[in-house]
Amino acid sequence: MKNVITQFSRIFVGLLFIISGLIKLNDPVGFSYKLAEYFSEPVFNMPFLVPFSLALALFLVIIEVVLGVMLLIGYKSKFTIWSLLLMIVFFTFLTFYSAYFDVVKDCGCFGDALKLTPWQSFTKDVVLLFFILILFINKKLVTPLFNKSIQNIIAYASIFLCMLMAVWVLNHLPIIDFRPYKVGTNIEKGMEIPEGAPKSVVEMVFIYNVKGVNTEFKEADLMAIPEGATFVDRKDNVLSEGYVPPIHDFTMMKDDSDYKEELLQEPKLIMAVSYDLTIADEAGMSQLKKLNDAAVAKGYKMVGMTNSSQEEIAKAKKKYGLDFEYYTCDAITLKTIERANPSLIVLEKGTIKQKVHYNDITDLKL
């Protein structure tokens, strides 16, 4: 019975690590954004690690996949199980911290393929910790499946293939797109809220200064506010989250007006997405003028999408000789739309028809 439980744990943990790792390896840039969120001031306040988010993301996801493979084949079982135990203890702490202090809404454990709440992520890690402890206690039962030469080949091949996949997705796009803005999505329909969908329940809390002390009053307690108290602020406590459409924060702002309804009706529209023009790839940006000329000749309208300031937009247009208009949108939304900076999106009346990395601009079918 002990051997059966151990082998089940071995297969369960190994497969889960491989699946979770491959999903994140499919989109390491997205996982790096999640790590940057953990490093931010409101969470762990380690901003010096933010520039290394992508490198750390790549290291972690490759290690995750390789350890899963090593566990399945029984390669260096003592080292593998110790590594898995240390990794799951670290991630269990991370997900508990996120859940308890409500600082990160999604751990990114399965990328955009499967969204988990903070407490769901913590529960998942606790379950994994339980099975890894079984493996730790019964390390001697985790034996190699093949001879030493084949074990070495499989282990090193998994490292090589993971690195190859990482290079590919970084220089092109995720192999499988799990995001709300994947090809075939109609942006306007993605923003719709179905009839009868649950709505958020919000409790208004009013803050008054009472004799030098800021005191909170609920809406039902307003009559109890003492004379002389001065209003300080108001906040909304979300008691229960309502339905949030897959696309809920997409805008195309210019001069304080949102042009998305107008532009999403264009039969031929190309969006050049650069969430931050100051760090956009120069080689990619330098191709946009030529693309715009070719697109206009074929009846397309090309626009830029960014979160940069008007000053930075003007600098970029002058530097690269761009004569199309830029519209602004939230940086997180733009990072969700596409991972490359810049990247190109082809739309037909709001429906995404094609997406390409700046390295693949020649693949655009106009």
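# Fold, pocket and buried residues

Twelve helices and ten strands make up the secondary structure of the protein, where helices (H or I, at least four residues) and strands (E, at least two) are DSSP runs, numbered from the N terminus. This is a predicted model: local features need pLDDT of at least 70, side-chain atom pairs count only at pLDDT 80 or more, and totals for chains, interfaces and linings use all residues. Numbering runs from 1 along each chain as its sequence is written, and side-chain values use heavy atoms, with hydrogens and water left out.

User: What percentage of the 366 residues of the protein count as buried?

Analyst: Buried means under 20% relative accessible area, exposed over 50%, and partly exposed in between (1.4 Å probe, protein chains only). Of the 366 residues, the share that counts as buried is 45%.

User: Among contacts between residues at least 6 apart in sequence, what percentage join residues at least 24 apart?

Analyst: A contact requires heavy atoms within 4.5 Å. Among contacts between residues at least 6 apart in sequence, the share joining residues at least 24 apart is 73%.

User: What is the volume of the second largest pocket?

Analyst: On a 1 Å grid over the protein atoms alone, a pocket is an open set of points where a 1.4 Å probe fits, with protein on both sides within 12 Å along at least five of seven lines. Grid points are joined across faces, edges and corners, and the volume is the space filled by probe spheres set on the points. For the second largest pocket this volume is about 220 Å³.

User: Which strand gives the largest share of the lining of the second largest pocket?

Analyst: Lining residues have an atom within 4 Å of a point. There are 14 of them here, and the closest to the pocket centre are Leu 173, Pro 174, Ile 175, Lys 355 and Val 356. The largest share, three residues, comes from residues 351–357, which form strand β10.

User: How many residues of the lining of the second largest pocket are charged?

Analyst: Ala, Val, Leu, Ile, Met, Phe, Trp, Tyr, Cys and Pro count as nonpolar, Asp, Glu, Lys and Arg as charged, and the others, Gly among them, as polar. The lining has six nonpolar and two polar residues, and the number of charged ones is six.

User: Within what arc do the buried residues of α10 fall?

Analyst: In helix α10 (residues 288–297), the buried residues are Leu 288, Leu 291, Asn 292 and Ala 295. Viewed down the axis, they line one face of the helix, because they fall within a limited arc of directions from the helix axis to the C-beta atoms. That arc is 100°.

User: Which exposed residues does the face of α10 turned away from its buried side carry?

Analyst: Cover for the buried residues of α10 includes β6 (269–274), α9 (282–285), β7 (301–306), β8 (326–328) and β9 (343–348). The face turned away from that buried side carries the exposed residues Lys 290 and Ala 297.

User: Which residues does Thr 333 touch, not counting those up to four places away in sequence?

Analyst: Thr 333 belongs to helix α12 (residues 331–337). Its relative accessibility is 1%, so Thr 333 counts as buried. Beyond four places in sequence, it touches Tyr 181, Asp 249 and Phe 250.

User: Is Asp 125 buried or exposed?

Analyst: Asp 125 sits in helix α5 (residues 118–137). Leaving aside neighbours within four places in sequence, Asp 125 is in contact with Ile 88, Phe 91, Thr 92 and Thr 95. Because its relative accessibility is 2%, Asp 125 counts as buried.
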